[in-house]
Amino acid sequence: MRVLYVEDEQFLAEAVKHNLEKDGISVDLANDGKEGLEKALQSIYDCVILDIMLPKLSGTDILKRMREKKVGTPVIMLSALSEVESKISHLNHGADDYLSKPFKTAELVARIKALLRRPNIINITKLKYSNLVLDKSTMSLNGEQLTAKESEIIAEFIQSPEKLINKEYLLAKVWGEEGVGEDNYIESYISRIRKLLKKVKSKAKIITIRNLGYKLTDK
Ligand code: CA
């Protein structure tokens with residue numbers, strides 16, 4: 001589970017990140033609106049938390065641009081403005097929830113978890129394609145034990161079979177900020193996963209699309 005938190009108060013941002021990570025939620029931070037928008041438009045997050053008053057671009061503008069670009073990631077807005085009208089206006093613009101500052105981190109964690117439990121984004125435990133069955137709850141592929149990252153990567157492929165999966169997308173989705181430019185992470189994991197596919201007698205294989213990325217196919 002990966003969350004983007006756009007916040008210009010660095011101390012608060014770090015504290016919230018620390019607390020969310022204790023609950024097993026990975027957090028990428030952006031400290032101005034422009035950087036926040038760029039990251040939000042990557043569509044790799046399970047949830048985006050937007051402060052409203054931000055340098056360069058407001059949280060409200062980020063939300064509008066996300067929805068214009070059909071990025072449907074659930075959004076929680078944060079603001080010191082606690083007026084009812086402002087809350088209603090943000091919910092109308094496509095925010096999923098709203099929290100007034102100051103807030104308790106525990107409350108934010110609870111709101112994020114509630115959002116992620118909604119049926120449309122609920123984590124489906126078993127993913128299937130061809131003769132492959134990935135069980136995300138036990139992190140196993142056709143009964144073979146995987147590491148957390150192997151499981152996340154295979155999930156991306158099984159969710160979009162026969163489609164090009166871009167290297168940068170995979171890096172950002174699985175490693176977040178620490179993955180930027182680390183193409184070798186992907187290459188070494190793909191080679192491990194190919195061995196695993198052989199081991200479980202997969203009919204599908206991961207093919208390389210030169211200079212672009214990879215595709216899972218059983219054709
Ligand atoms: Ca602010």
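Predicted model: local features only at pLDDT ≥ 70, side-chain atom pairs only at ≥ 80, totals over all residues.
**Entry on strand β3 and its partners.** I looked next at how β3 is joined to its surroundings, and found that four bridges link β3 to strand β4 (residues 75-79), the two running parallel. Strand β1 (residues 2-6) is likewise joined to β3 by four bridges, and this pair also runs parallel. In that pairing I noted Tyr 5, which stands opposite Ile 49 in β3.

Which way do the residues of β3 point? I found that Cys 47, Ile 49 and Asp 51 point one way, while Val 48 and Leu 50 point the other way, and that all are buried. In a regular strand the side chains alternate between the two faces of the sheet. I therefore recorded β3 as mostly covered, since five of its five residues are buried under the cut-off of 20% relative accessible area.

**Entry on the five-stranded sheet.** Stepping back, I traced an open sheet of five strands in the order β2-β1-β3-β4-β5, with parallel pairing. The edges are held by β2 (26-30) and β5 (97-100), and because each has a single partner strand, one side of each is left without a neighbour in the sheet. From one strand to the next, the twist averages 20 degrees. I then looked for a helix on this sheet and found α5 (residues 105-117), which packs on it and touches β1, β3, β4 and β5, its direction making about 155 degrees with that of β4.

**Entry on Cys 47.** I returned to strand β3 (residues 47-51), where Cys 47 lies. Is Cys 47 buried or exposed? Its relative accessible area is 0%, so Cys 47 is buried. I listed its contacts, leaving aside neighbours within four places in sequence, and found Arg 2, Val 3, Leu 4, Thr 73, Pro 74, Ile 76, Ile 112, Leu 115 and Leu 116. For Leu 115 I also looked up the C-alpha separation from Cys 47, which is 8.0 Å although the two are 68 residues apart along the chain.

**Entry on the three-stranded sheet.** I then turned to an open sheet of three strands in the order β10-β12-β11, whose pairing is antiparallel. Its edge strands are β10 (165-166) and β11 (205-209), and because each has a single partner strand, one side of each is left without a neighbour in the sheet. I followed the pairing of β11 with strand β12 (residues 213-217), which is antiparallel and extends over five bridges. Within it I picked out Ile 207, whose bridge partner in β12 is Lys 215. Helix α8 (residues 183-199) lies across β11 and β12, and it runs at about 150 degrees to β11.

**Entry on helices α7 and α8.** How do these two helices pack? I found that helix α7 (residues 167-175) meets α8 at an angle of about 90 degrees, with the axes 10 Å apart. The two helices are therefore roughly perpendicular to each other. On the α7 side I listed Lys 167, Leu 170, Leu 171 and Trp 175, which meet Asp 183, Tyr 185, Ile 186, Glu 187 and Tyr 189 in α8. Sorted by class, this contact has six nonpolar residues, no polar ones and three charged ones.

**Entry on the nonpolar cores.** I looked up the largest nonpolar core, which has 27 residues, and noted that Leu 134, Leu 141, Ile 153, Phe 157, Ile 158 and Ile 206 touch the most other members. The elements giving two or more residues to this core are β6 (126-129), β7 (132-135), α6 (148-159), α7, α8 and β12. Among these, α8 gives the most, with six residues. Apart from this core lies another, of 21 residues, and among them are Leu 4, Ala 40, Val 75 and Ala 172.

I took Ile 158 as an example, and, not counting residues up to four places away in sequence, Ile 158 touches Leu 127, Lys 128, Tyr 129, Leu 132, Leu 134, Leu 141 and Leu 216.

**Entry on Ser 151.** My last stop was Ser 151, which is found in helix α6. Its relative accessibility is 5%, so Ser 151 counts as buried. Beyond residues up to four places away in sequence, Ser 151 touches Leu 134, Met 139 and Leu 146.

Conventions
Residues numbered from 1 in each chain as written. Heavy atoms only, no water. Pairing = 2+ DSSP bridges. Contact = heavy atoms within 4.5 Å. Axes fitted to C-alpha atoms, helices over the stretch in contact; angles between N-to-C directions. Parallel < 35°, antiparallel > 145°, perpendicular 65-115°, else oblique. Nonpolar A, V, L, I, M, F, W, Y, C, P; charged D, E, K, R; others polar. Buried < 20%, exposed > 50% of the residue type's maximum accessible area, 1.4 Å probe, protein only. Core = buried A, V, L, I, M, F, W, Y, C linked by side-chain atoms within 4.5 Å.
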